[in-house]
Each structure stands twice: as structure tokens, then as C-alpha cells.
Amino acid sequence: MMATEVTTIRLPPKDSVIIDQFVDAGEFKSRSDFMRFAIKKTIFELVLKEFHEKVAKKGKPTKKEEEQVMAELKEIKRELWKKYAKDIS
Amino acid sequence: MPRIYLDSNIYIYGLHHLDSDSAYIIKECRRGTITVIQSDYLIEEVLSWHRRKLGKDWVGKASMLMVAFPNLNLIHKSEWMIQYPKWKDLVDDKDDIPHICSYFAGSGDCFVTTNRKLSQMKIGQHVAFQSPEDFAKALPKYQSGDKTDDEFWW
């Protein structure tokens, strides 16, 4: 089982009521299950947003960008292959 | 449900070029109508690229986005290495073999890549290679099940 940490959070009562309604309806196993889902979803959305804002570009890759990525990947693959090939009999 | 293997270049173009066909394919895969096959080799390759280009701070984030698919079949090296003897002579670049072997280990229906060289090798007779452009056009044919409007699924 995955290691977990216990964290206490304070919620407005109206939010607890809504969470309990989802649990009672069988959408989530427990309040903890709901919170895990909500936190993961938020992290995913924040990471995606950060990626889009700081890293990603609009538009399609140009031919030059494509060639550059392919060359970079080729170099990485060569190194990786050396590592993995040792395990192939 | 169709099963696809996305080459490392698809993840990089898809995560870094918002209007690319690769971005469209990844977004659709996040909706859960397609099973995505990945391998330890593929993940390491994509994350190594991010480490080199963007620094280690982005590796964890790229990792999260890369595996964020509701239907994901992760192939371990012990699974793809079994395929190696069968396909090794049909692929010119040895360092591409793990991808091909993972595609077969994961019973892939389609292998999406921008690497035209790969599809021109002898292995092209055994693997259903598609460019991201062609796969994006053919996506409705591949999709099954209910789509959600939410990219997030977990």
C-alpha cells in the first residue's frame, strides 16, 4: 500500500455537508477519498497551467524544431540503450 | 478499446506545442477513450529530455503530465525485453527497439511517431505506424466509450 501522511484541514461546514453528500451517493468512498481526488485534480491543473504558460508555445513545431528534437532524442536514446542493453542476454 | 503507443517525440511536441496534432492526440487520450501504452524506457527518454532542456525542476511536472491518462498500460523492461529476439533484426537503430518491443508487449493497435525512418524499416511491415497528422484525422475511428469534457480523470 502506498505510504500516506495524515493532514488535518479546516473546512466551512457547508463544504463538509456537500462532501458528505457525494460520499453518501457513492461517488467517493470517504471524505479522505474526496480530498485526495480534489488535491490531485488541482495539482494536475496547476501543473498543466504552468506548463502552458511558461514552457509551451502556441502553434505547431517548425521543421527546424522537429529536427532539433529528433536529434536530441537520438542522443538520449543512444545513452539509454547502452544502459538497458546490459540486461538483454 | 484501441491501444496506442505514442513515440517520445509525440509527448515532447504535444506538451510543448499547444496547437500541434500531438497536443490534440494527448488531450484526447486524457479523456479515456483510448488505452495508452508506455514503457519505462519511453518515460526515461522523455524525462531525460526535459532534464536536459528545462532543468530538473520540470522533470516531476513533465512526469505528471506524461502519465496522466485514465487508461494507461505501463510495460516494464522485463515485459518488453522478452520481445527483443523476435524483432531485433527488423529495426536498424537498436535504440529504437525498446519502443517497438513495448508496442508488441502492450498489444498495440497503432504506433504514432514523426520518425519516418522508423516506418521505412523492415519492421514497418509488422507495426501499424501512423504520423500524428494521420492519427489525429483518424481519431474518431479509434475512439470508443464515453468521452468526458474534463481532461482530468485520475
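User: Which residues meet where α3(A) touches α1(B)?

Analyst: On the α3(A) side, Val69(A), Met70(A) and Leu73(A) meet Ser8(B), Asn9(B) and Ile12(B) of α1(B). Being in contact takes C-beta atoms, placed from the backbone, within 7 Å. By class, these residues split into four nonpolar, two polar and no charged. Here Ala, Val, Leu, Ile, Met, Phe, Trp, Tyr, Cys and Pro count as nonpolar, Asp, Glu, Lys and Arg as charged, and the others, Gly among them, as polar. One thing to keep in mind: this is a predicted model, where local features need pLDDT of at least 70 and side-chain atom pairs pLDDT 80 or more, while totals for chains, interfaces and linings use all residues. Residues are numbered from 1 along each chain as its sequence is written, and chains are lettered from A and ligands numbered from 1 in the order written.

User: Why are α3(A) and α1(B) called oblique?

Analyst: They pack at an angle of about 135 degrees, with axes 10 Å apart. Under 35 degrees would be roughly parallel, over 145 roughly antiparallel, 65 to 115 roughly perpendicular, and the rest is oblique. So α3(A) and α1(B) come out as oblique to each other.

User: What makes up the whole contact between the chains?

Analyst: Chain A puts in 30 residues and chain B 31 residues. In chain A, α2 (31-55) and α3 (63-85) each supply at least two residues of the side that touches chain B. That side of chain A has 16 nonpolar, two polar and 12 charged residues.

User: How do you know that β2(B) is largely enclosed?

Analyst: Five of the five residues of β2(B), residues 35-39, are buried, so the strand is largely enclosed by the rest of the structure. Buried means 20 or more other C-beta atoms within 10 Å of a residue's own; 12 or fewer is exposed, and in between is partly exposed. Thr35(B), Ile37(B) and Ser39(B) point one way, Val36(B) and Gln38(B) the other.

User: What pairs with β2(B)?

Analyst: Three bridges join it to β1(B), residues 3-6, running parallel, and four bridges join β2(B) to β3(B), residues 72-75, also parallel. Two strands pair if DSSP finds at least two bridges between them. Tyr5(B) has Ile37(B) as its bridge partner, and Gln38(B) has Leu74(B).

User: Why is Ser107(B) called exposed?

Analyst: Ser107(B) has 10 other C-beta atoms within 10 Å, so it counts as exposed. Ser107(B) lies in the loop between α6 (97-105) and β4 (110-112) of chain B.

Technical notes
Two residues are in contact if their C-beta atoms, placed from the backbone, lie within 7 Å. Axes are lines fitted to C-alpha atoms, for helices over the stretch in contact, and angles run from 0 to 180 degrees between N-to-C directions.
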